[in-house]
Amino acid sequence: VRLLAEAAASHPTLKSLVLDQNRLSGSAVRRLLRALRPNSTLVSSSLRQNALCNRGARIAADALCVSSTSLVVLDLSNNQIGVEGARALASSPEVNRVLRTLRLAGNRIGSERVQALASSLAKNSVVTSLDLHENAMCNEGIAAIGPLLERECALVTLRVGANWIDGAGAKEFARSLARNSSLTSLDLRGNRIGSEGASGIAASLETHESLTS
């Protein structure tokens with residue numbers, strides 16, 4: 001990892017770095033992200049399925065809060081990120097004004113941490129794509145995401161599938177969706193919204209003109 005980090009840091013044209021499924025340790029991620037700070041061309045990094053857990057997530061969050069970062073896309077999906085790691089990541093969008101896409105799918109961070117992330121995103125006007133698929137956010141989590149859509153937010157893509165959202169949660173979310181004009185893509189698959197939630201979402205689509213998928 002040290003040699004890779006050194007090479008990536010000085011590479012003049014490197015724009016994307018994908019290190020999925022490599023069993024990277026927290027220390028390896030720290031070394032890599034620190035080495036990449038001087039690189040002003042790297043805009044996308046994927047660290048999916050590396051079992052980063054809380055420590056790796058905290059390290060990634062620290063990297064996002066560094067003013068010199070050029071990362072526009074960060075994928076930390078399926079990394080067994082727990083409560084502590086999610087708490088650290090939740091605060092980073094409040095500081096970072098470069099990141100546009102944040103993918104945290106499959107980490108089961110829970111409703112409380114999703115609420116913290118939503119609070120941080122409320123103070124961030126540049127994140128356009130948020131992937132929270134399969135994070136056990138339940139109704140409480142989607143209730144926190146909803147108000148984001150009512151603000152002048154930049155979100156255009158939102159993935160909240162497989163999150164144990166039921167009809168009541170979907171119906172409440174639909175009210176926020178009806179007041180949004182920026183979202184173009186919404187993924188709610190794998191929830192339990194039933195006919196109650198489906199009818200609420202359908203009603204919101206009657207006034208929502210930007211959604212295409």
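How many helices and strands does the chain have? I began with this count, working from a predicted model, and found eight helices and seven strands.

**Overall form**

I looked up the extent of the chain next, and its C-alpha atoms fill a box of roughly 55 × 30 × 25 Å along the principal axes. The radius of gyration is 18 Å, which agrees with the value near 17 Å that a compact globule of 213 residues would have. Buried residues make up 51% of the 213 residues, and the accessible surface comes to about 9,900 Å², of which 49% belongs to carbon and sulfur atoms. I also noted that, among contacts with a separation of 6 or more, 89% are between residues 24 or more positions apart.

**The nonpolar core**

Which residues touch the most other members of the largest nonpolar core? I found that they are L76, L130, I145 and L186, in a core of 59 residues. The elements that give two or more residues to this core are α1, α2, α3, α4, α5, α6 and α7, and α3 provides the largest share, with six residues. As a general background to this entry, I recall that nonpolar side chains in soluble globular proteins tend to be buried together.

I then followed L130 by itself, leaving aside its neighbours within four places in sequence, and listed its contacts as L102, L117, L121, I145, L155, T157, L158 and R159. One of these partners, I145, is itself among the residues that touch the most other core members.

For α4, which spans residues 83–95, I listed G85, A86, A88, L89, A90, S92 and P93 as buried. What covers the buried residues of this helix includes α3 and α5.

**Two positive phi values**

Most residues other than glycine have a negative phi, so I looked up the exceptions. Q49 has a positive phi of about 50°; it sits in the loop between β2 (44–46) and α3 and is partly exposed, with a relative accessible area of 40%. W164 has a phi near 60°, which is likewise positive; its place is the loop between β6 (157–159) and α7, where W164 is partly exposed at a relative accessible area of 44%.

**Two loop residues**

Is H133 buried or exposed? This residue, in the loop between β5 (129–131) and α6, has a relative accessible area of 16% and therefore counts as buried, the cut-off being under 20%. Not counting residues up to four places away in sequence, H133 touches A105, G106, R159, G161, A162, N163 and R189.

Q80, in the loop between β3 (73–75) and α4, counts as exposed at 55% relative accessibility. Apart from its neighbours within four places in sequence, Q80 is in contact with A51, C53, N54 and N107. I also noted that Q80 and G56 are 24 residues apart in sequence, with 9.8 Å between their C-alpha atoms.

**Salt bridges**

How many salt bridges does the structure hold? I found nine, and looked at several of them one by one.

R58 forms a salt bridge with E84, with 3.1 Å between the closest N and O atoms. This pair links distant parts of the chain, R58 lying in helix α3 and E84 in helix α4, 26 residues apart. R58 counts as partly exposed at 33% relative accessibility, and E84 is partly exposed too, at 44%.

E134 forms a salt bridge with R108, the closest N and O atoms being 3.4 Å apart. The pair again joins distant parts of the chain, since E134 is in the loop between β5 and α6 while R108 is in the loop between β4 (101–103) and α5. E134 is partly exposed at 30%, as is R108 at 48%.

R113 and E112 meet in a salt bridge at 3.5 Å, N to O. Here I noted that R113 is buried, with a relative accessible area of 8%, whereas E112 counts as exposed at 53%.

My last entry concerns D131, R159, D187 and R189, which are linked in a network of salt bridges.

Notes. Residues numbered from 1 in each chain as written. Predicted model: local features only at pLDDT ≥ 70, side-chain atom pairs only at ≥ 80, totals over all residues. Heavy atoms only, no water. Core = buried A, V, L, I, M, F, W, Y, C linked by side-chain atoms within 4.5 Å. Buried < 20%, exposed > 50% of the residue type's maximum accessible area, 1.4 Å probe, protein only. Helix = DSSP H or I, 4+ residues; strand = E, 2+ residues; numbered from the N terminus. Contact = heavy atoms within 4.5 Å. Rg over C-alpha atoms; globule rule 2.2 N^0.38 Å. Areas by Shrake-Rupley, 256 points an atom, 1.4 Å probe, with all protein chains shown as cover. Salt bridge = Lys/Arg side-chain N within 4 Å of Asp/Glu carboxyl O.
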